[in-house]
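Let's take a walk through this model, one region at a time. Have the sequence and the structure open as you read.

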Amino acid sequence: MKFAIALCVAALAAVAHARVTATQSPVSTHITSLTDKDARSKAKVHPAFANAGQRAGIEVWRIENFDPVPVAQNDYGKFFKGDSYIVLKTTADKRNNLSHDIHYWIGSQSTQDESGAAAILTVGLDDKFNGAAIQHREVMGYESDQFRGYFQPAIRYQDGGVASGFNHVVTNAGAEKRLFQVKGKRNVRVRQVDPQISSMNEGDVFILDQDQSILVYVGKKAKNVEKLKAISMANQIRDQDHNGRGRVEIIDQYSSEVDIQKFFTALGSGAPNSVPEENAGGDDQTFERNEEQSVVLSEVSDSSGKVKVTALPKPLRQEQLKPQDCYILDTISGSIYVWVGKQSTPREKTEAMTKAQELLTSKNYPSWVSVMKIPQGTEPAAFKQYFSTWRDVGMAHNRLV
């Protein structure tokens, strides 16, 4: 009798379990659209990211229908123009502590859905590392030196994409370069400009940052204060952005023809006799006023229970950056930086990156303008120069920037 009762109980339990199993559908990690309210949480636990970033090296995913699909290792460095990708670089120090850089790459023919999904998935992947990764936005043809360095000897662009299939291959080395204009009389400013000869003039100084070469072009009519500021900035770029491995070269009217031509070869356009005249750069004092007025630092905070974006007053100072919040530095004429405080909330981090991305389209910025996430304590020279003073860790006194 007891045996019969036990069999009945077991049978009922099995039926109940079967009913529960039949009525419960597995939770999907598929992002349905850019407006999917659970997109970030889905991205964080996506199966494609399950083992991401656990050892030093490169990992690549292509975005297909809002999902990250792993790319075969022998295809690393091949990018379809019609697609978007996520590239994770994991670095180990001497003690085997891991750090991460997440790049999302946008092809010239990529759809808004694909590029948007890449941005969302990047944030979700960063969540796996508790927000400690550095995020980079890479645009086809304007990739950073760091990104291009992952794929030697060169990045290869391919026609087509997920939607159009795989067409014939077109190789391209990728030619990202940064050109900075150094201009002013009393408050000399540095701004990033389009890396073309048309951005230059003989009245200012220009810094060309490409690969491990940092070339400083001194215009024939440039002021000494501009030259001094440019050399200081070039040294910071070498020491902080290239970990001291870059080489700074000064090129002026007294340089050899070979050295002068080296600059324009690296720039990829123009020649020594085709640099626009001094007046093409405009008045220095007007430039200073416009730069100071146009740069915007906005605080992104949810301390009130609701995310608020607040523009902060000038002059900009390091003390305005609070560890509890995130900040967007819109340089108007150059990069957009998202500064992430060590104690900021996941909500603030997400909103800050989203708002920064929206600026690209709402202000119709050119494709070479980038969005860079900067965790507190990792600020590059190009970011710090917008603040009137800055004190790095270990410095006894504030440094005028």
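In helix 6 (residues 257-267), the buried residues are I260, F263, F264, A266 and L267. Because they cover an arc of only 165° around the axis, they sit on the same side of helix 6; the arc is taken from the directions from the helix axis to the C-beta atoms. Buried means under 20% relative accessible area and exposed over 50%, with partly exposed in between (1.4 Å probe, protein chains only). Helices (H or I, at least four residues) and strands (E, at least two) are DSSP runs, numbered from the N terminus.

On the other side of helix 6, you will find E257, V258 and T265 exposed. The cover over the buried residues of helix 6 includes strand 9, strand 11, strand 12 and strand 13 (247-251), where contact means heavy atoms within 4.5 Å. After helix 6 comes G268, with a positive phi near 90°.

## About the model

This is a predicted model, in which local features need pLDDT of at least 70 and side-chain atom pairs count only at pLDDT 80 or more, while totals for chains, interfaces and linings use all residues. Residues are numbered from 1 along each chain as its sequence is written, and side-chain values use heavy atoms, leaving out hydrogens and water.

## The nonpolar cores

A nonpolar core is a set of buried Ala, Val, Leu, Ile, Met, Phe, Trp, Tyr and Cys residues joined through side-chain atoms within 4.5 Å. The largest has 30 residues, and I207, L297, L321, L329, F383 and F387 have the most contacts inside it. Helix 5 gives this core its largest share, four residues. Apart from it lies another core of 21 residues, including A52, A118, L125 and A133.
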